[in-house]
Amino acid sequence: MDNFQRKFLEEASDLINQLEQALLTLEQDTGNPELVDSIFRIMHSLKGGGGMFGFDNVTAYTHKLENMYDLVRQKKLKVTREMLDITFESADHITSMLNDDGSKTAEIKKNEEILNKRIDAILLGDNSGEIVVSRADEVTQVGVATYYVKVKPYEHIQKNGTNPFFLIDELVGLGQAKVNIFYSNIPDFENFVFDDTYIWWEIVISTDKNADAIRDVFIFVEDDCEVTIEKLADRDIFGLEGIEPLLVCRHDFPFDLDKIKSLVKAITALEKAKNESVLKVKENSGDEHIKKFAKESSISGIRVASEKIDMLMNLVSELITTQAGLNLYADRNKDAELTRIAESLENISRQLRDTAFSITLIPIDYLVVRFRRLVRDLSREVGKEIVFEAKGAETELDKTLIEGISEPLMHILRNSIDHGIESAEERVAAGKSPEGRITLQAYYSGSQVVIAVTDDGAGMNPTKIKRKAIEKGLISSDAQISDKEIIDLIFMPGFSTSEQVTNISGRGVGMDVVKRKVSDIRGTVQVSSQLGEGTTITIKLPLTLSIIDGMLVRIADVDYIIPLSVIDTIFAVEHSKIAAAFQNVINIEGTQYPFYYLRDEFGITENVPEKEEVIMVKYEDRKIGIVVDNITGEYQAVLKPLGKLYRKQDIFSGASILGDGTVALVLDTHKVINQFTKYNELN
Amino acid sequence: MAKTILIVDDSESIREVVNFTLQNAGFEVFAAGNGIEAQSFLDGRTIDLVITDLHMPEMDGIELIKYIRATSGYSRVPILFLTTESQLAKKIEAKDAGATGWIIKPFVPAKLLAAISKVIR
C-alpha cells in the first residue's frame, strides 16, 4: 500500500468517526439541516478520496448514500430511523471495504446488496414497509470463525530449506489476523547459531476457511514445528468494540485468550438480545438502550477529585527527584547490584510518571464543543457561511494546558471568522465555494502537541501588512524583509490591519497577546498564509508542564537544563574555532550556523575549556547554536517555578533540583535567543 | 529479479508442463533429466528452488536431495519433490534426506504454484 493510500485510510477513518458523531446527534435532532449537511459533506469526502486512491467500491457506495441525503437536503425526504440505521451500518460497511485485504470481498458484496436494497426502498418512498432481509451483521458472519494458532518451530526448521516466515505469511493471507512474536528463546550471542530458529508466533485469525485449511499451511513442516490450533469464536472478532486492546501484540506476552473469548461471548449475547428486540418490536427504542449499554459497559472509568490527582502528581514529581538521587548514589558507589536495582526502579518510576500524566490529560474535544458553538454564533453575527471542522480532537493535553490554550485559540478563530473568511459574494467572485471553512487540527509530534487552525479565506496581504507596520512605526519604510517576516509582524504588540474595528476581533487584543499567552504555557505560535488561499496558525505545545526531558549541561561548573524537545544536534568544537568566528556564525560540517556563546552572554570569562559543545536548537524554522562548556547527560527534570524575585527574568523557565541537591536552571532557548538578539542589536 | 527454479525429471512431458507453468508464472526455469545432469547446474549459479522427481535413472531424487544438502552454497535451498498419494514411505525417506516439501502427482498448475509459494516468495 502506498503512502497516499495510507494517508487516505487515516483520513477516511476520521471521516467515519465524524459521520458516526453526526449521526448520533442527528438521531436526537432529526430536523437539523446542518447535521444533514455535514453528513453529506463527509460522504462527499469519502466519495472523492475513494475514487482517487483506488477504492472505487467505496465511491460507488457512498454515491448512493449521498443521493439519499441529497433528497433530505432538498427536503424531499425526512430523516427516519431506518435511514439512520442504514447509515450507521454503512459506516461499518465502508470501514470493512477500506480494510478489506481481499479475503472478505464476498461477504462485503453480500452486505452491500442488502444495504443497497434498503436504500432503494427509501429512495422509492417505500419507507414504511418492513425490511424483508435479515439483519446485515448476521449475514456477514456466515462461515467466518476465529482461531488461535500457535506456531513454535523447532530450532532446525530452516535446515531443510523451509522459511517459517513464508508460512506465517501464508496463514495471515487466509483472513484478518494479528500476529504476536516471541523472542524470549533467542540465546545470547555465544550460543547463537545463525540459521537456527528461536522465535515463535501466536496468531489470532478470523477467516472463512476451516481448521483443516489452517493445518494445511503447515503441511510440509508437521515434523519440524509445533502447531496448535484452537477455535476462539464462530464469528469475525475484528472490529468488535473493546477487542482491540486485547489484540495488541506485545512481544513475549501471550494473548489473553480467556479475556478475548469472554468479551466475544458478551458481545454476541448483547447483539442477540438487540436483534431479538428489533425483530419483536417495531419502532421501539430498546435497541438504543442496548447500544448505549454496550458502549458504557466497555468503557469503564471513575471520577476522581482533581486535588487527588494533583497530589498524585506531586508525589510522582518527588519520586522522580528522589530517583535521580538514587541513580547518582548508585553511580558513585560502583556497586553493580545497587546500580541494577536503581535502574529497574528508574524504569518503574518512568512508567509511573507516564501513567500518572496520562491521568491528567484531557482530549482537545473538550474545547472543540465550545468552539463549534463559537463559530456557529459568530458566523451568523457577521453573516458568513462557515463550516467548522475539528480533526484529531481526541488528542490529549494536560489539564492546565487545555485551560491556557482556550483563550488564544478562541481569538484565532475569531480572527479567522472576522478577517480571514470573506463574505459569500467575495468568495464566489474568487471562484471559491460560498461557505468558508475553518479546520482545527490537533496531533502529536514527538513530545509536543500541535494544534493548527486553518481557514480557506482571503489570506494575509504582505503589502498591506507592511504598509500598516510602517504607518505604525513598527518598521522603517526602507526595511528589506521577506514576506514571511512581514507576516510575522502581526505578532508585534498593537497590530491590527482590520479596515474597521469590528465587534469580534479587532478590539485591541491582537496576535501579540495570543503569542504571549501561548508562550506562557511554553508553547510557540507560527503563522503561514497564502494570499487568496487562506491562513494557517500553528500552535506547538509541550505535552505537560511539570516534568521535562532535558539535557543537563554545564557552564563554568554550574548546571543548566535545556529541554530535549528543542535540541536538534550537538557538535563538539574547539574553543579556538569559536573565538575566531566572525559575527557569531560558525561553519559546522559545511553549513553556516549562527550561534550564541553563553559564556559571553552570561559574562563569564575565566577557565575557558579547550573543547566546547555547540547544541543546535530549533528556533522557529532555523537551527541556532548554543555553546556550553560540556554536556553531562539526559535528565528528567521536575520543573519548579522560580522565586518571586526572579520572575521578571525571561531566559529561565524554571529550576530543577538535581539528585545531589544542587539546583539547575532550565534554559528557555527560545527566549535566550530572542533576548540576546535584541541585546546584541542594541549594542 | 525472477526467481530461478531447477526442475529435475526424466519424463520430458513433465519437464515441459512444469517449465511452461513456471515460466508463465514469471520464474526462470532450468531443466535436467536426472540427478547427474542436475549436479552440473549447481556450479555456483543462483538456484532458488529445486523441484525433483524421486524415481530417475542414473541418480535418483533421494540421492540428489542428499547431494544438494551436502553441497556448500546450496545446503539451504528449498527442495520440493514430486510424489504420488501412495508413496508414503518414500515421502518420509525424502523428508529425512532433507526435502522441504512435496507436490503430489498428478497436479494442476494452481496446485504446483501453491506448493511453490509455501517455500519461496
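The legends below describe close-up views of a predicted model. Residues are numbered from 1 along each chain as its sequence is written, while chains are lettered from A and ligands numbered from 1 in the order in which they are written. In this predicted model, local features need pLDDT of at least 70 and side-chain atom pairs count only at pLDDT 80 or more, whereas totals for chains, interfaces and linings use all residues.

**View 1. An open sheet of five strands in chain A.** The strand order is 19-12-13-21-20, with mixed pairing. Helices (H or I, at least four residues) and strands (E, at least two) are DSSP runs numbered from the N terminus, and two strands pair if DSSP finds at least two bridges between them. Strand 19 (630-638) and strand 20 (652-657) of chain A stand at the edges; each has a single partner strand, so one side of each is left without a neighbour in the sheet. On average, neighbouring strands of this sheet are turned by 35° against each other, direction ignored. Strand 12 (residues 547-555) of chain A runs antiparallel to strand 19 of chain A, and eight bridges join them. Within this pair, Leu552(A) stands opposite Gly633(A) of strand 19. Helix 11 (residues 306-333) of chain A packs on the sheet and touches strand 12, strand 19 and strand 20 of chain A. Contact requires that the C-beta atoms of two residues, placed from the backbone, lie within 7 Å.

**View 2. Helix 11 of chain A against helix 12 (residues 336-359) of chain A.** The two helices pack at an angle of about 160°, with their axes 9 Å apart. Axes are lines fitted to C-alpha atoms, for helices over the stretch in contact, and angles run from 0 to 180 degrees between N-to-C directions. Helix 11 of chain A is therefore roughly antiparallel to helix 12 of chain A (angles under 35 degrees count as roughly parallel, over 145 as roughly antiparallel, 65 to 115 as roughly perpendicular and the rest as oblique). The contact of helix 11 with helix 12 of chain A has 14 nonpolar, five polar and two charged residues. Here Ala, Val, Leu, Ile, Met, Phe, Trp, Tyr, Cys and Pro count as nonpolar, Asp, Glu, Lys and Arg as charged, and the others, Gly among them, as polar.

**View 3. Helix 13 (residues 365-381) of chain A beside helix 14 (residues 399-420) of chain A.** Their axes come within 11 Å and cross at roughly 25°, which means that helix 13 of chain A is roughly parallel to helix 14 of chain A. Residues making the contact include Phe371(A) of helix 13 and Leu409(A) of helix 14. By class, eleven residues of this contact are nonpolar, two polar and one charged.

View 4. A residue is buried if 20 or more other C-beta atoms lie within 10 Å of its own, exposed if 12 or fewer, and partly exposed in between, with C-beta atoms placed from the backbone. Asn584(A) is partly exposed, with 18 other C-beta atoms within 10 Å. Most residues other than glycine have a negative phi. Asp557(A), however, has a positive phi of about 65°, and phi of Asn584(A) is near 55°.
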